[in-house]
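Please keep the sequence and the model in view while reading.

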Amino acid sequence: MARFKVVAAAHDRSTNKEIVMLIKQAVQDYEKENGPIEIQAEDEY
């Protein structure tokens with residue numbers, strides 16, 4: 001975890017913001033390869 005904090009700090013982000021960015025990037029990469037992910041309105045939260 002300490003090393004991850006260093007990575008987040010290098011990107012001028014908190015650890016939580018860095019995690020959110022990694023999740024968003026993973027979803028983007030997935031959709032690039034497999035097309036958009038279809039979700040229902042009630043599944044958004």
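Asp12 sits in the loop between α1 (2-10) and α2, where helices are DSSP runs of H or I with at least four residues, numbered from the N terminus. Although Asp12 is not a glycine, its phi is positive, at about 55°. Asp12 is also exposed, with a relative accessible area of 74%, given that exposed means over 50% and buried under 20% (1.4 Å probe, protein chains only).

## Basis of the values

The model is predicted, and local features need pLDDT of at least 70, side-chain atom pairs count only at pLDDT 80 or more, while totals for chains, interfaces and linings use all residues. Residues are numbered from 1 along each chain as its sequence is written, and side-chain values use heavy atoms, with hydrogens and water left out.

## Helix α2

After α2 comes Gly35, with a positive phi near 85°.

Glu18 lies in helix α2, which covers residues 15-34, and Glu18 is buried, with a relative accessible area of 4%. Leaving aside residues up to four places away in sequence, Glu18 touches Phe4, Val7, Ala8, His11 and Arg13, contact being heavy atoms within 4.5 Å.

Methods:
Helices (H or I, at least four residues) and strands (E, at least two) are DSSP runs, numbered from the N terminus.
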